[in-house]
Structure formats: structure tokens, C-alpha cells
Amino acid sequence: MKNLIVLKVITTVLAISIIFSLFSCLNEDRIDVPPVKVENVYGNYKGRLITMQGDLRTEKIVDFKVKKDTLTFSEFPIKEIVTAVVKDPVKVQSALTAMGKVKYDIKYTSVLNAEKNWVELTFVPKDLELQIPVDGVNKKTTVTLTAKQKGYFVGLDYSLRYVLAAEQITVDGTVLNPFEAINFNFPYCVKTN
């Protein structure tokens, strides 16, 4: 009888030890995401831009800045927009050179999630106004930009992710048709300061 009680105690102690070992392993695998504040979003960024229009896809690195309620590009990516308006590759390059850098601001609002591990950004893009020089004449171009989904600043790696789309282009008062939307995907942008 005494041996049976000792055996039960040893079995119970072993079972409890195994359970605690399993839980400690599970806790080691859990990733603790550091808390963030809305202010953590502010700063200068460098990010990957994937531009897609139909079957065409390009990638490049872009820079932008985020302040209290505005995301600012000192050089917005306009090549695909100019290509949609001008068509001729030689004239596209001439137009891009003549236009230089195009600054563009996007207003946004932000909300911190309950766990404080990410910030949700709701973008409110305004129309982008361009003067595209073609054959000695400036074509007044209005690009309707939208944000079809919210952006996110993630506490896990302090990265910013968002998507914009050029859904319509109007040239000298006429809607460009046919036109396939241009998607500007920013899947991973990191702060440089």
C-alpha cells in the first residue's frame, strides 16, 4: 500500500512537471509585441513600392515622411500615370524630366488598437493635379487617388503598410478611357529615423 501511495505521488509530481514544462515552452514561443503609441508612426520612411497596372508590375524603393495627420511624398511615383496619358515612351521620359519631382500630401486619421500593438490609419487622398508637357503643350491632368483599405503601423517590427490606387485620370476635362487602375502597394516601409 505504501509503495502504491509513493508511486501515485511520483506520478503526480511527474505529470505536474511535464505540464509546467509544456506551458513554459509555449510561453517561450509566444512573441511579445511591444506596445506602440500613435506618435510612433511619425517620422521618415523608406519603403518598397510595388506598382501594378493590369499585367505590368514594377518595384522600387521610395521615401516619404509621416507627421501628425499627413503622409508626404517629396517625390510621388508618377511614371505610370504619365505613361497612361502620353503613351509614347520617348515622350514619357521627356515629360518626366520636364516635370521633375512631384510633391504629394495625403491626410489620414489614426486609431490605436486595444492591445496597443498596432495603429490603424485611414487615408483620405485628394486628387493629384499635374501639368504633363506633351509636344509643347501642358495637358492638365487630374488623378483620382483612393485608399481602398486601411494602412497599418505594426509594433512587432515598427513597419508601415498601405495601398493607394489611381482609379481615374482626367486630361483637359475628359476622362481617360480606356484606363486600367494603377495600384501603389507599400507592403513594408521602415522608419529611417
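This is a predicted model: local features need pLDDT of at least 70, side-chain atom pairs count only at pLDDT 80 or more; totals for chains, interfaces and linings use all residues.
Reader: How many helices and strands does the protein chain have, and in what order do the elements run from the N terminus on?
Author: The secondary structure of the protein chain comes to 3 helices and 11 strands. Read from the N terminus on, these elements follow the order α-β-β-β-α-α-β-β-β-β-β-β-β-β.

Reader: What percentage of the residues in the protein chain is buried?
Author: A residue is called buried when its relative accessible area is under 20%. The protein chain has 193 residues, and the share of them that counts as buried is 35%.

Reader: Of the contacts between residues at least 6 apart in sequence, what percentage joins residues at least 24 apart?
Author: Two residues are in contact when they have heavy atoms within 4.5 Å of each other. Among such contacts in the protein chain, taking those between residues at least 6 apart in sequence, the part that joins residues at least 24 apart is 60%.

Reader: Which element gives the largest share of the lining of the largest pocket?
Author: The largest pocket has a volume of about 350 Å³, and of the 18 residues that line it, the closest to its centre are Lys60, Glu75, Phe76, Pro77 and Ile78. Two or more lining residues come from each of β1 (43–53), β2 (56–66) and α2 (79–86). The largest share, 6 residues, is supplied by β2.

Reader: Which elements each supply at least two residues of the lining of the second largest pocket?
Author: The second largest pocket holds about 220 Å³ of space, and its lining includes Thr51, Met52, Leu56, Arg57, Lys79 and Glu80. By class, this lining has 2 nonpolar, 4 polar and 4 charged residues. The elements that each supply at least two of its residues are β1, β2 and α2.

Reader: Is Asn185 buried or exposed?
Author: Asn185 has its place in strand β11, which covers residues 182–191. Leaving aside its neighbours within four places in sequence, Asn185 is in contact with Arg48, Leu49, Ile50, Met52, Tyr162 and Val163. Because its relative accessibility is 14%, and the cut-off is under 20%, Asn185 counts as buried.

Definitions and conventions
Residues are numbered from 1 along each chain as its sequence is written. Side-chain values use heavy atoms; hydrogens and water are left out. Helices (H or I, at least four residues) and strands (E, at least two) are DSSP runs, numbered from the N terminus. Buried means under 20% relative accessible area, exposed over 50%, partly exposed in between (1.4 Å probe, protein chains only). On a 1 Å grid over the protein atoms alone, a cavity is a set of points where a 1.4 Å probe fits but cannot get out, and a pocket is an open set with protein on both sides within 12 Å along at least five of seven lines; lining residues have an atom within 4 Å of a point. Grid points are joined across faces, edges and corners, and a volume is the space filled by probe spheres set on the points. Ala, Val, Leu, Ile, Met, Phe, Trp, Tyr, Cys and Pro count as nonpolar, Asp, Glu, Lys and Arg as charged, and the others, Gly among them, as polar.
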